[in-house]
Amino acid sequence: MGPLVVNEIISENSNLLLAFFIGIGFGFVLEQGGFSSSRKLAGVFYGYDTVVLKVFFTGAITAMLGLLFFSLFGWVDLSLVYVNETYLWSSIVGGIIMGAGFIMGGYCPGTSFCGAAIGKIDAYIFIIGLFIGVFIFGEGFDLLEPLFMAEFMGSPRISEFFGLAEGVTVLIVIVAAVAMFWIGEWAEKKFPREKY
Amino acid sequence: MNTVKDPKYMNPYLAGVLLGLVVLAANFVSGRGLGASGAIKSAIVAGVETIAPKHAEASSFYNNFSKAHDGKPMHSWLVYQMLGVIVGGFLSGVFSHRLTWKVEHNPKIQSRTRLIFALGGGILFGLGSQLGRGCTSGSALSGMAVLSLGGFISMAAIFGTAFMLAYFFRKLWI
């Protein structure tokens with residue numbers, strides 16, 4: 001049955017329309033969770049507000065489990081679902097640059113649009129920065145291409161990489177997430193901040 | 001700042017479950033996850049093609065992306081999804097009475113400082129998202145949902161770096 005567009009159950013144009021509605025859900029949930037606030041987002045790095053940790057990892061394990069169950073029920077063919085490619089070095093270096101951007105800017109790209117949607121001026125400035133950053137990458141692409149393409153590993157799932165069953169892998173991630181939630185709850189009590 | 005009343009955000013675990021269901025819906029409908037930085041890439045490619053077509057033609061970065069989208073870089077899944085994000089975020093703001101123009105910052109710093117670092121952070125995040133083939137949404141969250149090794153590496157590198165640098169930027173936030 002799923003993915004609907006890959007199996008041609010819906011047309012390409014319906015797919016784009018549904019992308020818009022999925023985006024509405026995405027933006028609504030991010031804003032309701034408090035991801036429109038840079039001070040709330042940055043809180044995870046100082047322990048005073050770990051909402052990022054809780055929402056992000058609950059989201060990831062819900063989606064993982066959901067896909068696993070959908071596959072089990074025959075509702076979605078996982079072999080037709082896109083698995084992000086792994087280019088080891090660009091993934092690590094890109095992640096490091098993004099991490100630095102996160103702690104300086106207090107937003108990531110998705111959340112900055114959420115912040116902008118409710119009037120955060122710092123979010124608009126962050127978005128201007130995003131455009132400049134993408135443009136710099138585009139202009140410097142020839143220089144960065146060797147790093148961008150280095151150490152291509154295909155599209156492995158971590159379950160395949162470690163030789164584990166998918167269910168076991170998801171269980172390990174869930175246990176790790178619950179342990180982090182526990183640490184997060186502890187940190188919020190240990191590093192309290194007044195209302196902001 | 002201290003007079004702002006409690007903004008009443010959703011319970012984070014409930015928000016997380018709903019976020020997971022949105023990721024699940026994207027995979028079920030379109031066979032792909034969510035994203036954000038990809039839409040900015042679309043806009044940049046479209047912009048450079050319009051303003052400097054010869055330059056865009058000569059660069060494999062602009063050219064490859066445009067060809068992959070039948071010469072219409074803005075006609076992409078992520079662009080429509082990001083338009084939805086803006087609408088969804090706005091509706092949530094209306095719903096919870098959070099629509100206000102403001103520069104949100106730690107009262108201990110000036111808003112100008114906040115804006116300078118927001119610009120710098122945005123530039124780095126934009127650059128890093130292209131190198132890393134996706135940001136927190138596209139690579140980390142959606143990648144992890146399909147158990148992609150690259151997704152887990154992105155997540156660890158983004159959050160690990162931010163944690164390691166947190167001490168040096170603490171004056172911005174605490």
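This is a predicted model: local features need pLDDT of at least 70, side-chain atom pairs count only at pLDDT 80 or more; totals for chains, interfaces and linings use all residues.
The contact between the two chains draws on 113 residues of chain A and 111 residues of chain B. On the chain A side, helix α1 (residues 12-33) is the leading contributor, giving 18 residues. By residue class, this side of chain A comprises 70 nonpolar, 33 polar and ten charged residues.

Chain B is divided into domain 1, spanning 10-99, and domain 2, spanning 100-174. A distance of 18 Å separates the C-alpha centres of domain 1 and domain 2 of chain B. Eleven residues from domain 1 of chain B and twelve residues from domain 2 of chain B form the contact between these domains. On the domain 1 side, the elements giving two or more residues are α1 (12-30) and α2 (37-51) of chain B; α2(B) supplies the largest share, with four residues. The domain 1 side of this contact consists of five nonpolar residues, five polar residues and one charged residue.

When residues up to four places away in sequence are not counted, B:F152 touches A:I158 of chain A and B:M144 of chain B. The C-alpha atom of B:F152 lies 9.9 Å from that of B:S142, a residue ten positions away along the chain.

Note on methods:
Residues are numbered from 1 along each chain as its sequence is written. Chains are lettered from A and ligands numbered from 1 in the order in which they are written. Two residues are in contact if their C-beta atoms, placed from the backbone, lie within 7 Å. Ala, Val, Leu, Ile, Met, Phe, Trp, Tyr, Cys and Pro count as nonpolar, Asp, Glu, Lys and Arg as charged, and the others, Gly among them, as polar. Domain bounds come from an automatic or database domain assignment.
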